[in-house]
Structure formats: C-alpha cells, structure tokens
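This report describes one protein chain, beginning with a single residue and widening to the whole fold.

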Amino acid sequence: MILFLFALFARAEVALPTVQLADFAVGTSWTWDYQESSGKLYSTERYTVIEVRGSEVLLEIASDYGGGQNLKPNTRVRADIAKCLAAYSNPYQKKPWSITMYSLAAKGWTEFDAPSTLAFEEKFNCNPREYLKPSDQYLTVYRDIGGIRVFQQKLWRRLTSSWFSLEGPSRAVAVEKSFNSDPSTSYTFRLRNFAK
C-alpha cells in the first residue's frame, strides 16, 4: 500500500509544449490542407507571420478554395502570445483573452469582432498541462499521426479538438483536426508545410 501511494504522489507532472514568442519570427509560415470526408482537397490555408511587436504577433491568412495552391490573403489575426499562455496559468479555469481579426476589403484591412480565440488556438497550443482525471476540465490524449507523436487537449464533452505535435520544429503546432461545419459535412485539416 505504501509503495502504491508513493507511486501515485511521485508521478512527475508532464509539461506539454506550448508555442513561444520565438516561434513567430517574421516570415515564418504554416500551411494546412483541408479535406472533405471523401478525401477530396477542399481548401488550403497558410498562416504567415508578418509583424511582431512586443509579445503581439500579426499573422496573415491566405487561402485557396479551388483545389490549387494559388493562395490569396484574406484575413489577419493579431494575437498576444503572453496573454494566450497566461490564459492557462490556473489549471482549473481558463482566463479569458481575445484576438483581433481583420478582413481584406476593397480599401484595405478592416477590423471585425473575433467571436473567440479559435482562429489562433486551433492552430497553436498555449496550454502546458496534462489532464488525466475525469474531474479535470480537459482530457489529454496521445497518438501518432504519420510518424509524429501528437497530443490533444480535449475539452470534456467536446468531440473535436486539434492534435498538436509533441516535439520537433512544429512542436505545439496543430498537425490535424477533424470537425463538422454542419451536421452533414465533415472536414479534416492537416499540416502540410512549415517554413522559417
């Protein structure tokens, strides 16, 4: 019994990788392909760092919906990396934080209200904690995708979440996510390219 209790309390807390400000050098980009459930390429999306100010990064999102690779900028996301990381300082409750988004209009970039931080957090992990118990808000699960060891910070009762790389140059970056855009249509995005 004493050995069991020692093993229970001696278990080292696992710190999962999170993105860091140094990951967002100007010119760094990540490209994801979105596929329909049939396997057909639906779209391609590239996030490129175009500015860093303090702990804030400005990412430009370029997309192509024609099945080709003619990526055209359409959205920008300004995210404060320090605020994203601080949002998870309390292991039991996420602290609210926000991002700023811009859409490309005829007269340039127009700011609009971001409904959530999803445009950033589905691609980049800021939560360093491993959650193993049913009483935790999240559940951390692991698997391999294409030879890459990944983890998922799955919210309890939520079916979809991103799989983030555990190591290597794309650590803490989304490798894959499956989701439904409506009850009848499902998609999966996969990381295709990472460039510094």
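## Ser29

Ser29 lies in strand E1; helices (H or I, at least four residues) and strands (E, at least two) are DSSP runs, numbered from the N terminus. The model is predicted, so local features need pLDDT of at least 70 and side-chain atom pairs count only at pLDDT 80 or more, while totals for chains, interfaces and linings use all residues. Residues are numbered from 1 along each chain as its sequence is written, and side-chain values use heavy atoms, with hydrogens and water left out.

With a relative accessible area of 10%, Ser29 is buried (under 20% relative accessible area; exposed is over 50%, partly exposed in between; 1.4 Å probe, protein chains only). Leaving aside residues up to four places away in sequence, Ser29 touches Arg46, Tyr47, Thr48, Asn193, Phe194 and Ala195; contact means heavy atoms within 4.5 Å.

## The nonpolar core

A nonpolar core is a set of buried Ala, Val, Leu, Ile, Met, Phe, Trp, Tyr and Cys residues joined through side-chain atoms within 4.5 Å. The largest one has 32 residues, and Phe24, Trp30, Trp32, Leu59, Phe120 and Phe124 touch the most other members. Strands E1 (29-36), E2 (41-53), E3 (56-64) and E4 (72-80) each give two or more residues to this core, as do helices H2 (81-86) and H3 (118-121).

Not counting residues up to four places away in sequence, the contacts of Phe24 include Trp30, Leu59, Phe120 and Phe124.

## The whole protein

The protein has three helices and 11 strands, in the order α-β-β-β-β-α-β-β-α-β-β-β-β-β along the sequence. Of its 196 residues, 40% are buried.
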